[in-house]
Amino acid sequence: MFNKVCEILANFTEVDISEMMPNTDLLNDLGMNSLDTIDAVVMFENEFEIEIPDRQISDFHTIADIVRYIEANKN
Amino acid sequence: MMNTPYPLYEIKRVTNLRQLIDYRADESASAVAFEYETNKGITEKITFSELKYQINALGTAFYNLGLRNCHVAILGENSYDWLLNFFALVCGNIVTVPLDRELPVQTLKNMIKNSNCSALIFSDTYTDIAEQLENELGIIIINMRDAEKLIKKGASLISEGYNEYLNHNIDESSVVIIVYTSGTTGTSKGVMLSHSNLAYDTYSSCCNCKIAGNTVLLLPLHHTFGLVAGVFMVMLYGYTVHINLSLRQLMSDLIKVKPKILFLVPLLAETLYKNIWKIAEQNGTDKTLADMITKSNKLLADGIDNRKQLFQSFISPLGGNLDTIVCGGAPLNSKYIRNFRELGINLLNGYGITECSPVISVNRNNYYKDGSVGQVINVCSVMIDNPNNGTGEICVKGLNVMLGYYHMEDETAKVLENGWFHTGDIGYLDEENFLFITGRIKNTIILNNGENVSPEELEEILQDIPIVNEVIVFEDNGKIAAEIFPDLSYAEKNKITDILAELKVQIKHINDNLPKFKQINSVYLRDSEFEKTTTKKIKRKSKYGNN
C-alpha cells in the first residue's frame with residue numbers, strides 16, 4: 001500500500017520514491033500544492049476503489065495520513 | 001488590440017444586494033442566474049426570477065423562525081444552497097458571517113462566539129461540526145438542505161399575508177456581513193461590511209471590467225473576492241454563474257460550460273496555464289505550440305492578430321471560449337499575463353483587500369499595463385502615504401471601505417484614519433492612475449544605512465529567471481540575500497548541472513541594473529518548496545539571515 005501511494009505521488013514531485021518516508025510532508029518535502037493533492041486523490045480513488053471526500057483532503061499532511069485513511073476505508 | 005484609455009462601461013448602479021436581485025429578476029427574469037451539476041450528472045438551472053422567489057420565501061421562513069436582527073454564521077463548500085441561504089439572510093438584514101470550512105473547529109467556535117452568532121447554517125458535510133457547536137455554544141443549527149422545506153413554508157406564509165420580510169427596508173449603511181481575515185498579519189479580525197460597501201464595489205468594478213459571458217465559480221464563497229467578483233459582478237451583467245462543486249471537477253466543468261471569463265487566484269491561473277502545456281506535451285504538440293507562439297508574436301508585432309484561430313485547439317481544455325481571466329487575491333508573476341496573452345486570453349490583474357469589499361483596482365479589458373494591478377475603481381480614491389520618490393503606503397478612501405473590525409475598536413483606529421484605510425501595502429500610482437504594488441510594509445527591509453528595500457520587488461525580478469521556481473529575498477547581515485527553490489525540471493531539460501553557478505551568472509546581470517543598495521549579495525539554494533499559508537502564500541521565513 002505504502003509503495004503504491006508513493007508511486008502515485010511520484011507523478012507530482014521531483015523527489016525520488018526511495019526518499020519517501022511515512023512522515024514525508026506533502027507540502028514541505030514533496031512540494032505539492034493543494035491542486036496537486038486533489039489530482040493525486042483522484043488517482044488514489046481509482047487505484048484503491050474508494051471514495052475520498054473533499055473535506056478529508058485538507059487533513060492529508062504526510063504520506064502516512066494518506067495510507068492510514070486508505071487502509072481504514074478500503075473494503 | 002487597442003490598449004488606450006476609453007470611457008467606463010455603463011451598468012446599472014445598485015446600492016444594495018436586494019436591489020441587485022430585484023433588478024435582474026425584472027430585467028432578465030428567465031435568464032439563468034446559477035447552474036450546477038447534481039451528483040446524478042443533471043444540470044440544475046435557477047433563473048433570476050426563481051432566485052428572487054426562493055430568496056423571499058426562505059427569508060420569510062427565517063423571519064418566522066425568529067431569525068431577525070441577529071447574527072448567523074454559514075459553513076459549507078461552494079453550492080447553490082450556500083448562495084441561496086446567504087442571499088436570504090443578507091436581504092433580510094441578518095448579519096451573516098461566512099466561515100472558512102478548512103479552519104479547525106476551535107477557530108470556528110471562537111469566530112462564532114466573537115461575532116455573537118445565534119445560529120449556524122451548515123452543509124451536510126459539516127454536520128458533525130455543527131452538532132458539536134450546537135452543544136458547546138447553545139446556538140441554533142440549520143442544515144442548508146432544509147431550504148427546500150423552508151421555501152415551501154415561507155411561500156405559504158407569504159400567501160397568508162405574512163409580508164414582514166418582503167416589506168422591510170434594507171439598511172444600506174449598517175453591517176451586513178462580517179468576514180474574518182485569514183490572519184496572515186496576526187490575529188484574525190472580523191471585517192464589517194455593509195450592503196452599500198458590497199453593492200458599490202460590485203458596481204464600480206463592473207464599470208472598469210466588462211463581463212461578456214458566463215463563468216465557472218472556482219473561488220471560495222467565504223472570501224469577498226469570490227462573492228463580489230465571482231458572483232455579484234457576473235449577476236449584475238446578467239450572465240450565468242456555473243458553480244463548481246469540487247476542484248476535482250475543474251477541467252471537466254471548463255470543458256462542459258465553456259466559460260467566457262474566469263475569476264482566479266494566481267495558483268489556479270498558473271495551474272491552468274501549465275495544464276495547456278501538459279496536454280500539448282501529452283499530444284506531442286508542444287513543439288508546434290512553441291513555434292506557433294513565436295510566429296504569432298511576430299505577426300502581432302506587424303499588427304496581425306490570428307491568435308483565436310491559431311490557438312483554438314490548444315486552449316480547448318479550458319472550454320475554448322475563454323477570453324478573459326481576472327486575477328486577484330495574491331501577487332501574480334507578470335510572466336503569466338504575457339503567457340496567456342500570447343494565446344489570446346487577456347489576464348487582467350487586480351488588487352483588493354477584504355477591508356475594501358475587496359476590489360480597489362483592476363486592469364481594464366482594453367486598457368492595461370503589465371506589472372500593474374490596474375486603474376483604481378471610481379468608488380474610491382487612493383493616496384500614497386508618506387511617499388519616497390512616489391512610493392509609499394497605499395491608503396484607500398471611499399464607499400467600499402469597511403465600517404471597522406467587529407468589537408476591535410483599537411485595531412480599527414490603527415488602520416482607519418480620517419476615513420483613509422491604511423492597507424499595509426506599498427506601491428505607487430503612475431500618471432495614468434495605474435496602481436503598482438511593490439511590497440508589504442511589514443516585509444520591508446531597512447538596511448543599516450537607512451535605505452528601504454522591498455523584497456517583493458526583487459522577488460518579482462528574480463522570478464523571471466527561468467531556473468527560479470520560488471524565491472524569497474531577505475536581509476542577511478546588513479545585505480540583501482535570496483533563497484531560491486530552483487526549477488529542477490528546467491535544469492534537467494537544459495542540462496544545467498551547477499544550478500548555483502547558473503543562478504549567480506543570471507543574478508549578476510540583474511545586479512548590473514540595480515542601485516548598489518538593492519543588489520543581491522548572496523544566494524542560497526533549497527531543495528524543497530517554501531512552506532505556504534492556507535491561502536497559498538509563501539511564508540516569508542528563510543532558514544538563513546535575520547528574518
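Here are legends for a handful of close-up views of this predicted model.

Local features are reported only where pLDDT is at least 70, and side-chain atom pairs count only at pLDDT 80 or more, while totals for chains, interfaces and linings use all residues. Residues are numbered from 1 along each chain as its sequence is written, with chains lettered from A and ligands numbered from 1 in the order in which they are written.

**View 1. The two domains of chain B.** Chain B is split into domain 1 (17-246) and domain 2 (447-525); such bounds come from an automatic or database domain assignment. Their C-alpha centres sit 45 Å apart.

**View 2. Where chain A meets chain B.** Here 14 residues of chain A are in contact with 15 of chain B (contact: C-beta atoms, placed from the backbone, within 7 Å). Helices (H or I, at least four residues) and strands (E, at least two) are DSSP runs, numbered from the N terminus. Sorted by class, that side of chain A has five nonpolar, five polar and four charged residues. Ala, Val, Leu, Ile, Met, Phe, Trp, Tyr, Cys and Pro count as nonpolar, Asp, Glu, Lys and Arg as charged, and the others, Gly among them, as polar.

**View 3. A three-stranded open sheet in chain B.** The strand order is β24-β25-β26, with mixed pairing (strands pair if DSSP finds at least two bridges between them). β24 (468-476) and β26 (520-525) of chain B are the edge strands with a single partner each, so one side of each has no neighbour in the sheet. Ignoring direction, neighbouring strands are turned by 25° against each other on average. β25 (479-486) of chain B runs parallel to β26(B) over five bridges, and B:I484 has B:L525 as its bridge partner.

**View 4. Helices across that sheet.** α16 (455-463) of chain B lies across β24, β25 and β26, at about 145° to β24(B). α18 (499-512) of chain B lies across β25 and β26, at about 155° to β26(B). Axes are lines fitted to C-alpha atoms, for helices over the stretch in contact, and angles run from 0 to 180 degrees between N-to-C directions.

**View 5. Strand β20 of chain B and its partners.** β17 (391-398) and β20 (420-429) of chain B pair antiparallel over four bridges, with B:G392 opposite B:G427. β19(B) and β20(B) form a hairpin with two residues between them, where B:N418 has a positive phi of about 50°. β20(B) also pairs antiparallel with β21 (435-440) of chain B over five bridges; in their hairpin, with five residues between the strands, B:N433 takes a positive phi near 70°.

Methods: Contact = placed C-beta atoms within 7 Å.
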